[in-house]
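Trainee: I have a structure open and would like to learn how to read it. Could we go through it together?

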Amino acid sequence: MTPLYRLRQLRKAYGEPNPRLVLDVEALDIEAGEMLAIIGPSGAGKSTLLRLLNFLEAPTSGGLEFEGRPVPPNPPLYTQRRVTTVFQRPLMLSRSVYENVAFGLRPRGLPVDKRVAAVLDEVGLAALASAPAGQLSGGEMQRAALARALVLEPAALLLDEPTANLDPNNVGLIESILLRHRQAHGTTLVLVTHNVFQARRLAGQASGRAALLLAGRLVEAGPVDDFFSNPQDPRTAAFIRGDMVY
Amino acid sequence: MYDGLSQIVLLSLYVSGVALGLATLLGVPAGAALALQRVPGRRLIELVIYTGMGLPPVVVGLVVYLLLSRSGPLGALGWLFTPAAMIVAQTIIALPLVIGLTMTAVGGVDPALRLQVRSLGATPAQVMWAVLREARAGVLAAIIAAFGAVISEVGAVMLVGGDIDGQTRVLTTAIVLETREGNFALALALGAVLLGLALLANTLLLRLGRRPRW
């Protein structure tokens, strides 16, 4: 079966005239409907990888295929709209929660009312639909950001440290929303985090895979149980144990 | 009552209103594009725009006069000493203000918001629109500042309009005329009308900006 994403010798460098290589992935396939948790320290290239997977930036070199087709430097709108990201620091538009969630639907010409109402219910924000989004608490804001992503029913939902700044209650809420949504819609989830416990928990509950990204390189990837209980690379073992100093 | 006051008020509003409209239509997208997109020679463009924000109206008037005079490159238009010439001059005065202040306002919006809006599937135009909406207070300030600059300037409209009674006389040129003739009370009264107009126009602009519909 064709994977949703196929990455080969994918590289991204920043800066001129002396570019600095921040991502250098030899090979990675992400299957449709799978849950992949990518762990790694800060500066490992996790967010860069997600920007490439969301087609927000073009790779410096290498191949990126999506749904069996190579992704050109400026991918067509249809391709771009198959994927979306929930960021670590959600930024709301100065509008109501409802309008923020409806934002992505309108340019797609999709029906708004029913979808927004359903997703706000899903994330527990139905009562705050007409509230100004800027007045939400951190946890509510992240759930609103999740709602505006989920409402689009993307083929792949990319999660960039989505609960890094949240309290345990909101972390639990967001994780359960993600798992429920994935089960209902078969959405591919790619989570990047430095939180080993969250990666293990989420990928474990979704029978997914985990991977370690270190200094832009993929060290190891595998089924979540094997990855955490029997890591093949000593660096993976050290990172999981919390012994790695970075 | 001052002879032809209503005509003078209407012409002042017409000339400055059209000039402001043109400067807004051209300047807001240009300012947003300069803030959001990679533009070659951007520093030089910024320098020119910021310098343009301090353009003396009389110099603008002089240049427009030379361009529109009979022997000038645009003399064939026959616009000199007409409201059209005054609109051209005031648009040139307002444009750098609108571009420069819009550029600053849009540049102040968190770049991460652009990324998040793009991630939701917005086209570049939709991203620009969303960011402009976020920067609306600053964009509105740009438009208000430009309106203030054009409604109150006298040097350019005097030069290219000629202060012709019943044709190109506006509030500021009428104030100059009455002052020269020693009619200080009348000049002050016209000044009060001008201030009142500015107050009205700004109230309207602020009201429009409070509840965005764009």
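**Helices, cores and a contact between chains**

Mentor: Let us start with a helix pair: α1(B) and α7(B) pack at an angle of about 145°, with their axes 10 Å apart. Axes are lines fitted to C-alpha atoms, for helices over the stretch in contact, and angles run from 0 to 180 degrees between N-to-C directions. Helices (H or I, at least four residues) and strands (E, at least two) are DSSP runs, numbered from the N terminus. This is a predicted model: local features need pLDDT of at least 70, side-chain atom pairs count only at pLDDT 80 or more, and totals for chains, interfaces and linings use all residues. Residues are numbered from 1 along each chain as its sequence is written, while chains are lettered from A and ligands numbered from 1 in the order in which they are written.

Trainee: Which residues of α1(B) and α7(B) meet?

Mentor: Residues are in contact if their C-beta atoms, placed from the backbone, lie within 7 Å. Here B:Ser12, B:Ser16, B:Ala19, B:Leu20, B:Ala23, B:Thr24 and B:Val28 in α1(B) meet residues of α7(B) including B:Ile143 and B:Phe147. An α-helix has 3.6 residues a turn, so residues three or four places apart point the same way.

Trainee: How do I tell whether a residue is buried or exposed?

Mentor: Count the other C-beta atoms within 10 Å of its own: 20 or more is buried, 12 or fewer exposed, and in between partly exposed, with C-beta atoms placed from the backbone. A:Asp167 is exposed because it has 12 of them within 10 Å; this residue lies in the loop between β7 (156–160) and α7 (168–185) of chain A. In α6(B), by contrast, the buried residues include B:Val131 and B:Leu132, and the buried residues of that helix pack against α1 (5–36), α4 (83–107), α5 and α7 (136–152) of chain B.

Trainee: How many residues are in the largest nonpolar core?

Mentor: Such a core is a set of buried Ala, Val, Leu, Ile, Met, Phe, Trp, Tyr and Cys residues joined through C-beta atoms within 7 Å. The largest has 69 residues, and A:Ala37, A:Ile38 and A:Leu191 are among those that touch the most other members. Helix α6 (residues 138–150) of chain A gives the largest share, seven residues. A second, separate core of 60 residues includes B:Val131.

Trainee: How many residues does each chain give to the contact?

Mentor: Chain B gives 14 residues and chain A gives 18. On the side of chain B that touches chain A, α5(B) gives the most, with six residues.

Definitions and conventions
Two residues are in contact if their C-beta atoms, placed from the backbone, lie within 7 Å.
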